[in-house]
Amino acid sequence: MFNVIRAAPDRIDVEIDGRFDRETMAALIDAFVEAADGIDGGAMLYRVRNVDLPSFGAVAVEFSRLPALLRAVRRFDRIAVVAEALWIRRLSELEGLLLPGVEVRGFTPECAGDGQAWLRER
């Protein structure tokens, strides 16, 4: 399951939960790219709940749409990743180091408010 919401003219909230197969990943990427359209210097709140590793098909879809996905991600200056799992928060921050101009910080669910405050600081 996923939800992509344009929370403000310059902000998107993404929530994912569960296991992603090929079709779900394709729908998520399409929704994200569409929601990010027209944003420049935006912020994203990304909540990850109870996520299993994606299927091989889901990973294949992600790689096949990587150019569009990267163009959409670069529309954001800050991304706050809220996740219980430490490995998800750390991996997200590492991915942020590979994207010039995009700052990514991980937050626990108990500190989600801190993540939202950090997004507003820009």
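Which residues have the most contacts inside the largest nonpolar core? They are Ile12, Val14, Met25, Leu28, Phe32, Phe76 and Ile79, in a core of 28 residues. A nonpolar core here is a set of buried Ala, Val, Leu, Ile, Met, Phe, Trp, Tyr and Cys residues joined through side-chain atoms within 4.5 Å. Buried means under 20% relative accessible area, exposed means over 50%, and partly exposed lies in between (1.4 Å probe, protein chains only).

This is a predicted model: local features need pLDDT of at least 70, side-chain atom pairs count only at pLDDT 80 or more, and totals for chains, interfaces and linings use all residues. Residues are numbered from 1 along each chain as its sequence is written, and side-chain values use heavy atoms, with hydrogens and water left out.

Strand 2 (11–18), helix 1, strand 3 (42–51), helix 2, helix 3 and strand 4 each supply at least two of its residues. Helix 1 gives the largest share, seven residues. Helices (H or I, at least four residues) and strands (E, at least two) are DSSP runs, numbered from the N terminus.

Leaving aside residues up to four places away in sequence, Phe32 touches Val4, Ile12, Val14, Met44, Leu69, Ala72, Val73 and Phe76. Contact means heavy atoms within 4.5 Å. Apart from this core lies another, of eight residues, including Ala43, Ala80, Ala112 and Leu119.

Now the rings. The structure holds two aromatic pairs. Rings of Phe, Tyr and Trp (its six-membered ring) pair if their centres lie within 6.5 Å; planes under 30 degrees apart count as stacked, over 60 as edge-to-face and the rest as tilted. Phe32 and Phe76 form a stacked pair, 6.0 Å centre to centre with 25° between the planes. This pair links distant parts of the chain: Phe32 sits in helix 1 (residues 22–36) and Phe76 in strand 4 (residues 76–83), 44 residues apart. Both Phe32 and Phe76 are buried.

Phe107 and Trp118 form a tilted pair, 6.1 Å centre to centre with 45° between the planes. Phe107 lies in strand 5 (residues 103–107) and Trp118 in helix 5 (residues 112–120), so the pair ties together parts 11 residues apart in sequence. Phe107 and Trp118 are both buried.

Next, a helix crossing. The axes of helix 2 (residues 56–64) and helix 3 (residues 66–73) come within 5 Å and cross at roughly 70°. Helix 2 and helix 3 are therefore roughly perpendicular to each other; that term covers angles of 65 to 115 degrees, with under 35 roughly parallel, over 145 roughly antiparallel and the rest oblique. Glu62, Phe63 and Ser64 of helix 2 make the contact with Leu66, Pro67 and Leu69 of helix 3.

Ala60 is found in helix 2. Ala60 counts as partly exposed, at 30% relative accessibility. Its C-alpha atom is separated by 23 Å from that of Val81, 21 residues apart along the chain.

Thr24 has its place in helix 1. At 21% relative accessibility, Thr24 also counts as partly exposed. Thr24 and Phe2 are 22 residues apart in sequence and 8.3 Å apart in space, C-alpha to C-alpha.

Ser92 is found in helix 4 (residues 86–97). Ser92 is buried, with a relative accessible area of 12%. Not counting residues up to four places away in sequence, Ser92 touches Val81 and Val104.

Technical notes
Axes are lines fitted to C-alpha atoms, for helices over the stretch in contact, and angles run from 0 to 180 degrees between N-to-C directions.
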